[in-house]
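Let's take a walk through this protein together, with the model open beside you. Keep it handy, and look up each part as we come to it.

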Amino acid sequence: MGRGTRIAGWVSFAVLALVASLVERARSHGDQPLARIAVHETVFALDGRASVKASPSVLGARGQNTEWVSLEYSFPNASSDDWIGVFSPANFSASTCTPENPLVLPPVLCSAPIKYQYANYSSPAYISTGKGSLKLQLINQRSDFSFALFSGGILNPKLVAVSNTVAFANPKAPVYPRLAQGKEWNEMTVTWTSGYGIAEAEPFVEWGPQGGGKMRSPAGTLTFDRSSMCGAPARTVGWRDPGYIHTSFLKELWPNSVYYYQLGHKLLNGSYIWSQQYRFRASPYPGQNSLQRVVIFGDMGKDEADGSNEYNNFQRGSLNTTYQLVKDLKNIDIVFHIGDICYANGYISQWDQFTAQVEPVSSSVPYMIASGNHERDWPGTGSFYGNTDSGGECGVLAETMFYVPTENRAKFWYSTDYGMFRFCIADTEHDWREGTEQYKFIEHCLASVDRQKQPWLIFLAHRVLGYSSADFYAVEGSFEEPMGRESLQKLWQKYKVDIAIYGHVHNYERTCPIYQNICTNEEKNYYKGILNGTIHVVAGGGGASLAEFTTLQTKWSLFKDYDYGFVKLTAFDHSNLLFEYKKSSDGKVYDSFRISRDYRDILACTVDSCPSMTLAS
């Protein structure tokens with residue numbers, strides 16, 4: 001197509017009429033970066049003197065799902081607020097819009113870009129020369145890409161040039177596997193994303209033990225459409241086709257054995273599409289006495305290696321956390337990301353970006369998630385909080401993109417066993433108070449564990465249901481999520497929960513063993529015998545913008561850190577547990593404690609942990 005023809009085509013576009021709904025600011029959160037773009041203010045201003053050229057035009061020729069693209073662009077009226085938007089699908093014109101009202105003309109743009117960067121980011125002379133270059137990293141997202149040059153900044157964008165189209169060799173390829181524990185101890189689930197629907201190909205996983213024969217397990221396929229979203233921007237400018245999400249169940253695994261697997265799709269013509277080969281180690285038998293290492297954090301979000309979409313100065317909080325996990329992966333057995341997964345906030349493309357970022361981890365060890373406010377909350381949809389933090393996703397993305405062994409994915413609470421650990425994962429975006437369905441689940445999870453076989457009982461939740469010195473909690477006078485521990489602390493005490501870990505507050509904090517605001521043990525780093533209470537930990541520094549501590553001092557807070565990091569639990573045997581807090585910047589340990597005890601210490605009665613009357617009394 002010639003330049004004149006292309007310009008004439010663009011001139012035919014109508015002025016944008018679709019208004020994007022901005023994401024509500026949450027505590028210690030800013031806007032999703034894509035929400036900063038005033039899409040509704042975009043005007044058509046294609047300039048024949050402006051140009052954008054992208055290369056290479058074919059990506060992933062050797063099967064890779066991530067590749068760098070080089071851009072060269074020029075604009076004689078260059079300014080410091082010119083920016084490049086990456087659009088996928090490449091044709092983001094009015095012809096692709098879904099009509100919502102026949103009386104309203106379609107907009108110029110139907111969706112926000114999947115990422116953006118300023119034109120002078122790597123070309124300081126751009127303003128004076130009108131010429132610049134930029135390198136951007138793309139991932140395989142089931143469609144082609146184009147790059148648009150805008151003037152006027154992100155508040156008054158004017159479209160001045162559009163690039164050629166680039167695409168991956170196979171945009172539909174199976175990508176970004178996410179492992180998760182199944183409902184049985186000897187089951188591993190594999191979830192991945194592709195562009196192949198069930199009418200086009202049969203999805204499966206080919207897998208087998210190291211050095212053994214291979215077998216194939218079929219996969220179920222899910223997807224969703226715009227109508228599944230609860231509001232803007234998820235069902236407006238943030239919408240992007242999610243493709244197909246497949247989950248296969250690998251059963252009857254031998255404990256601690258290594259298995260290799262590949263994602264596969266059998267096309268209708270009999271040919272096969274394959275992913276690369278991955279490996280994982282099967283989970284230990286519940287109660288098995290072996291070295292077991294668990295990493296836990298919340299609120300990591302995602303970041304871009306190319307520096308684009310810098311959200312709340314994530315550089316390099318999120319990427320550093322991911323890097324440290326990858327670096328130490330041989331010493332990690334399972335990961336728990338306890339809510340606020342990627343902060344897509346209704347911009348669906350960002351879930352692909354996140355799953356690509358964590359793939360080195362999630363393809364090798366179980367990557368278990370919990371639901372947070374940025375996954376679930378939306379007014380009038382049954383969430384416990386009526387805010388707009390999910391950007392209209394109302395839980396659909398988290399419930400579909402990742403598998404968790406819940407009875408009902410819309411009720412995101414579940415339990416899972418890993419060797420000597422029992423994990424009870426709550427859903428703080430649904431009511432947890434006494435008398436509710438979730439409260440009954442939590443009590444059953446805590447009560448049903450055999451502590452002789454699984455001595456380490458861990459409670460996980462997104463919002464802080466225990467204790468936190470966050471400034472916004474202190475202002476409320478609660479030092480917790482309002483109504484957080486009032487119902488649950490008697491359960492933690494009765495069933496002798498060792499550690500409760502939360503996200504939501506973007507920092508690190510550890511308490512003494514505590515019950516009803518009173519420290520029950522004076523030790524700080526080496527606990528022997530009976531704890532008499534539960535140790536509460538905030539581990540919300542996975543990557544999102546940090547949250548301030550109050551200046552008020554409390555007796556129960558033993559260690560605080562205003563920095564990015566994560567925690568690691570290491571069970572050496574049934575009697576010895578090591579807790580470590582590591583910074584994401586260097587992976588070094590900055591806080592730790594040990595618990596050493598015998599089974600009789602778990603059985604021993606403490607305040608409110610045994611029946612008030614026994615035969616002995």
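The chain has a mean pLDDT of 91, with 90% of its residues at 70 or more; pLDDT is the predictor's confidence in each residue, from 0 to 100. Residues 1-28 are another story: their pLDDT is below 50, and beyond near neighbours in sequence this stretch has 68 contacts in the model, a contact being heavy atoms within 4.5 Å. Residues 101-107 also stay under 50 in pLDDT, and the model has 14 contacts for them beyond four places in sequence.

A bit of housekeeping before we go on. Because this is a predicted model, local features need pLDDT of at least 70 and side-chain atom pairs count only at pLDDT 80 or more, while totals for chains, interfaces and linings use all residues. Residues are numbered from 1 along each chain as its sequence is written, and side-chain values use heavy atoms, with hydrogens and water left out.

Let's begin with strand 24. Helices (H or I, at least four residues) and strands (E, at least two) are DSSP runs, numbered from the N terminus. Is strand 24 covered on one face or on both faces? Both: I499 and I501 on one side are buried, and so are A500 and Y502 on the other. Here buried means under 20% relative accessible area, exposed means over 50%, and partly exposed is in between (1.4 Å probe, protein chains only).

Strand 24 pairs with strand 23 in the parallel sense, over four bridges; two strands pair if DSSP finds at least two bridges between them. In this pairing, I458 stands opposite I499. Strand 24 also pairs with strand 28 (residues 534-539), again in the parallel sense and over four bridges. There, A500 has H536 as its bridge partner.

**Charged pairs**

Side chains of opposite charge can pair when their charged atoms come close. A salt bridge is counted when a side-chain nitrogen of Lys or Arg is within 4 Å of a carboxyl oxygen of Asp or Glu. By this rule there are 27 salt bridges.

One of them joins R451 and D498, at 3.2 Å from N to O. R451 sits in the loop between helix 7 (437-447) and strand 23 (456-461), and D498 in the loop between helix 9 (484-494) and strand 24 (499-502), so the pair links distant parts of the chain, 47 residues apart. R451 has a relative accessible area of 10%, so R451 is buried. D498 counts as buried too, because its relative accessibility is 2%.

Next, find R510 and D591, whose closest N and O atoms are 2.8 Å apart in a salt bridge. R510 lies in strand 25 (residues 508-515) and D591 in strand 32 (residues 589-596), so this pair ties together parts that are 81 residues apart in sequence. Both residues, R510 and D591, are buried.

Are R433 and D431 buried, partly exposed or exposed? These two form a salt bridge, with their closest N and O atoms 2.9 Å apart. R433 is partly exposed because its relative accessibility is 30%, and D431 is partly exposed because its relative accessible area is 23%.

Salt bridges can also be found in a network here: K115, K302, E304 and D306 are linked that way.

**Rings, and charges over rings**

A pair of aromatic rings is described by the distance of the centres and the angle of the planes. Rings of Phe, Tyr and Trp (its six-membered ring) pair if their centres lie within 6.5 Å; planes under 30 degrees apart count as stacked, over 60 as edge-to-face and the rest as tilted. The count comes to 30 aromatic pairs by this rule.

F224 and W239 are one of these pairs, edge-to-face at 6.0 Å centre to centre with 75° between the planes. F224 counts as buried because its relative accessibility is 8%, and W239 counts as buried because its value is 13%.

The rings of F249 and Y403 have their centres 5.4 Å apart and their planes at 90°, so they are edge-to-face. F249 lies in strand 15 and Y403 in the loop between helix 6 (396-401) and strand 21 (414-418), so this pair ties together parts that are 154 residues apart in sequence. F249 is partly exposed, at 31% relative accessible area, whereas Y403 is buried, at 8%.

Ring pairs also link W207, Y259, Y261, Y278 and F280 into a cluster.

Finally, look for charges over rings, where NZ of Lys or CZ of Arg is within 6 Å of the ring centre and within 35 degrees of the ring normal. R463 lies over the face of Y385, at 3.5 Å from the ring centre, and R178 lies over the face of F402, at 5.7 Å.
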